[in-house]
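Please open the structure and follow along.

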Amino acid sequence: MAEIFLGGSGHYLELLGLSLRTLLIFFFIFLWLAQLIGDRSIKKIFDIHSHINYLLLILFAFLAMAGINGIVSGHEFRQVIADIMPFSFLLLIFPSYYLFADNKTQEYLVRLIGVFIIGTALFSLITFTLFSLGITELHFDFYQWYRDVDMGKITNMGAGFFRIVEPAHILVVPLILIITSLRMRDEKHNKMWLLLLIASIIILVLNLSRGYFLALAIGLLVLKFKHTWKMWFKETIITGLLVILMFTGIHFLASGGTSPGLELFGMRLQSFTQPTIEVSTNTRMMILPIIWQTITQHPILGVGLGATITFTDVHTYEMITTPHFDWGYLEMWAEMGILGALALTFLYLYVGYNILDKIKKIHDWHEFDVGILAGIVAFLVMNITIPALFHVFGILYLVF
């Protein structure tokens with residue numbers, strides 16, 4: 001758990017192409033199964049939820065077909081394995097079900113998430129400062145390490161402001177929603193919640209992803225469920241104001257006091273309706289017809305895991321081949337087929353439905369569960385343009 005939350009993208013230490021994270025997970029599953037077999041209680045694995053077991057079996061069956069399909073189609077074997085690896089984390093559902101019955105494990109997870117939020121915020125701020133002050137520059141050693149090892153992305157947005165993106169940031173919006181929901185309880189709150197909220201928002205505004213902001217907005221609407229209008233409106237406004245204050249404050253300092261960055265923020269939002277005004281959204285639109293052409297070739301079973309797409313950049317006339325589709329649901333459909341994509345989506349929806357059912361049955365202390373539900377909705381929204389549902393952290397969120 002510590003490696004998952006403190007190890008960033010998971011590529012800091014690898015052995016034979018496998019990350020430390022993957023090796024730890026596999027060894028843990030192996031030892032846990034060995035203990036159950038030794039105790040002759042192997043049947044205990046399946047005593048969780050029969051419907052979940054069936055859904056997982058169906059999903060793994062489609063994944064196996066997509067994996068074989070990818071190899072038969074000549075996709076790079078390493079890329080096929082990389083695509084299927086995040087789904088192996090679903091196996092953690094079974095040991096987690098029993099281990100998290102222990103309050104000490106729950107408390108450990110909460111502390112770990114607190115450290116993750118503060119540590120990630122500091123790392124983003126330090127990285128931002130290094131580039132904003134010109135201490136290091138794009139394409140220099142630190143930048144190359146950040147891209148190749150940390151698997152992140154740094155983009156110069158002008159006026160001294162740089163986008164700082166890491167794979168682990170995908171957890172930030174669900175965590176903001178959970179913290180905001182907890183703060184909606186009508187009681188005196190520990191000041192740590194506000195600190196964690198501010199730290200999470202710093203990560204969000206430095207990432208500056210449109211998909212994250214859209215997911216946050218829709219997630220905040222979900223938080224109205226089971227909360228009074230007064231508490232919901234108050235905490236939603238506070239979260240919204242903190243987003244604006246953190247972004248404008250950081251941009252104002254980075255620009256040397258010349259601009260609060262509202263034009264940049266506005267352009268990011270405007271690109272929802274006018275994708276051609278920005279390079280990243282324009283590129284996403286270039287890829288779209290190629291993805292659709294790929295889907296129409298094998299709409300039912302897909303072209304297999306490890307697929308790549310090749311398109312021509314209309315600005316540079318360069319042929320680009322990439323495994324990144326930039327459209328979450330369409331990538332699922334293209335690689336796993338419509339049936340596999342529906343199986344994965346339905347797994348998230350089913351877990352969300354069960355949480356909703358639980359919230360309806362409990363009379364008090366529903367804030368945490370409402371936050372969890374909003375987080376699942378956020379992942380479903382992020383998956384429109386980001387591979388959120390089949391990302392390692394998306395799978396882990398579903399497991400927990």
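This is a predicted model: local features need pLDDT of at least 70, side-chain atom pairs count only at pLDDT 80 or more; totals for chains, interfaces and linings use all residues.

Residues are numbered from 1 along each chain as its sequence is written, and side-chain values use heavy atoms, leaving out hydrogens and water.

**Helix 6 with helix 9**
- Helix 6 (residues 103-132) and helix 9 (residues 191-207) pack at an angle of about 40°, and their axes are 9 Å apart.
- Contact here means heavy atoms within 4.5 Å; on the helix 6 side, the residues that meet helix 9 include G114, I117 and F128.
- Helix 9 brings L195, A199 and L206, among others, to this contact.
- By class, the contact has eleven nonpolar, four polar and no charged residues.

**Helix 3**
- Helix 3 covers residues 50-72, and its 23 residues reach 33 Å from first C-alpha to last, close to the 33 Å expected at 1.5 Å a residue.
- Its buried residues (under 20% relative accessible area, with a 1.4 Å probe and protein chains only) include I52, N53 and G70.
- These buried residues pack against helix 4 (77-88), helix 5 (93-99) and helix 14 (328-361).
- Just after helix 3, G74 takes a positive phi of about 85°.

**Helix 4**
- Helix 4 has buried residues too: V80, D83, M85, P86, F87 and S88.
- The buried residues of helix 4 pack against partners including strand 2 (18-19), helix 2 (20-38) and helix 3.

Conventions
Axes are lines fitted to C-alpha atoms, for helices over the stretch in contact, and angles run from 0 to 180 degrees between N-to-C directions. Helices (H or I, at least four residues) and strands (E, at least two) are DSSP runs, numbered from the N terminus. Ala, Val, Leu, Ile, Met, Phe, Trp, Tyr, Cys and Pro count as nonpolar, Asp, Glu, Lys and Arg as charged, and the others, Gly among them, as polar. The expected span of a helix is 1.5 Å times one less than its number of residues. Buried means under 20% relative accessible area, exposed over 50%, partly exposed in between (1.4 Å probe, protein chains only).
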